[in-house]
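Opening the notebook on this one. I want to look at a helix pair first, then at the pockets.

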Amino acid sequence: MVLLGLVVGLLGLALGSFANVVIARAPQNESVVRPRSACPRCGAAIRSRHNIPIVGWLALRGRCFDCSEPISVRYPVIEGLTGLVFVGLFLWLGVSPELGLALIVAFFTVVLSAIDFDTQRLPDNVVRPFAISVGTYLLAWAATTGSWSNVVGAVIGAAILAAFYFLVWFIYPKGMGFGDVKLAPVLGAVMGWYGWTTLVVGGFAAFVWGAVVGVVVMAVTRRSRMVAIPFGPWMFAGAWTGVIGGSAIAEGYLGLFGL
């Protein structure tokens, strides 16, 4: 069990390193495979020994080996965060079909949230692979376990959340980007797979998270009007809320009314 946890953690660190590449290149429509990572200032290629997650940044003391250009601390933070999240999910779910789906969603949570914070965009060249990964995994899961009723729930969840977000965008396009609309069916499929309670709680929780963050940002910046914030991260936060605590939240809410 410990060895498996270590493997999952190392996988998370490696994918965290890859996440940094995707975060930097995908918004520019650049290949995430070629060319090799290089210093943006001097153009020197990053040596293989310096590409080891976290260790490479520490060995370089946060600076380019060739020109001493500072390397953002966000690189090891993304790597470490992804590794920790992967281990946490492994400890929670163990070796199970749920773990595979959770790891996929976790990776894209990190990537798309970071991109949305940077650019306030959710690029198609990242959302599309996310959708393909989720769809392929759910179909494989159903094919090996016979959980075809869950596939129906995923399709319905995707359709409902996509329609709802499209309606919100159509009514008030200034308040929501169309990238959020494209992300909605993917998260809807994940939540719909687990059932109506997860879908309802997760879908509603996204707007609660967004509202809370908006209020906090306005308080910190001392602005009286709504501050533009990326919504993608809170869509993910809502989905995780639904998956992790949807049943407990729903029961607690209904209990307030004696239901």
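Which residues in α6 meet which residues in α7? Before I list them, a reminder to myself that this is a predicted model.

**Helix pair.** From α6 I get Asn150, Val151, Gly153, Ala154, Gly157, Ala158, Leu161, Ala162, Tyr165, Phe166 and Trp169. Their partners in α7 are Phe178, Asp180, Val181, Ala184, Pro185, Leu187, Gly188, Ala189, Met191, Gly192 and Trp193. I sorted this contact by class and got 16 nonpolar, five polar and one charged residues.

Next I checked the geometry. The axes of α6 (residues 148-171) and α7 (residues 178-194) come within 6 Å and cross at roughly 155°. Angles over 145 count as roughly antiparallel, so α6 is roughly antiparallel to α7. I noted the crossing as right-handed.

**Largest pocket.** I get about 780 Å³ of space here. It has 31 lining residues, and the closest to the centre are Ser37, Ala38, Ile46, Ile71 and Tyr75. I see at least two lining residues each from α1 (2-25), α2 (55-59) and α3 (74-93), with α1 giving the largest share, seven residues. By class I have 19 nonpolar, seven polar and five charged.

**Second largest pocket.** The volume comes out at about 640 Å³. I find 22 residues in the lining, with Lys174, Gly175, Met176, Ala228 and Ile229 the closest to the centre. My helix α7 turns up again: α7 and α8 (196-221) each supply at least two lining residues. The largest share is from α8, with four residues.

Note on methods: Residues are numbered from 1 along each chain as its sequence is written. This is a predicted model: local features need pLDDT of at least 70, side-chain atom pairs count only at pLDDT 80 or more; totals for chains, interfaces and linings use all residues. Side-chain values use heavy atoms; hydrogens and water are left out. Axes are lines fitted to C-alpha atoms, for helices over the stretch in contact, and angles run from 0 to 180 degrees between N-to-C directions. Angles under 35 degrees count as roughly parallel, over 145 as roughly antiparallel, 65 to 115 as roughly perpendicular and the rest as oblique. A crossing is left-handed if the near helix is turned anticlockwise from the far one by less than a right angle, and right-handed if clockwise. Contact means heavy atoms within 4.5 Å. Ala, Val, Leu, Ile, Met, Phe, Trp, Tyr, Cys and Pro count as nonpolar, Asp, Glu, Lys and Arg as charged, and the others, Gly among them, as polar. On a 1 Å grid over the protein atoms alone, a cavity is a set of points where a 1.4 Å probe fits but cannot get out, and a pocket is an open set with protein on both sides within 12 Å along at least five of seven lines; lining residues have an atom within 4 Å of a point. Grid points are joined across faces, edges and corners, and a volume is the space filled by probe spheres set on the points.
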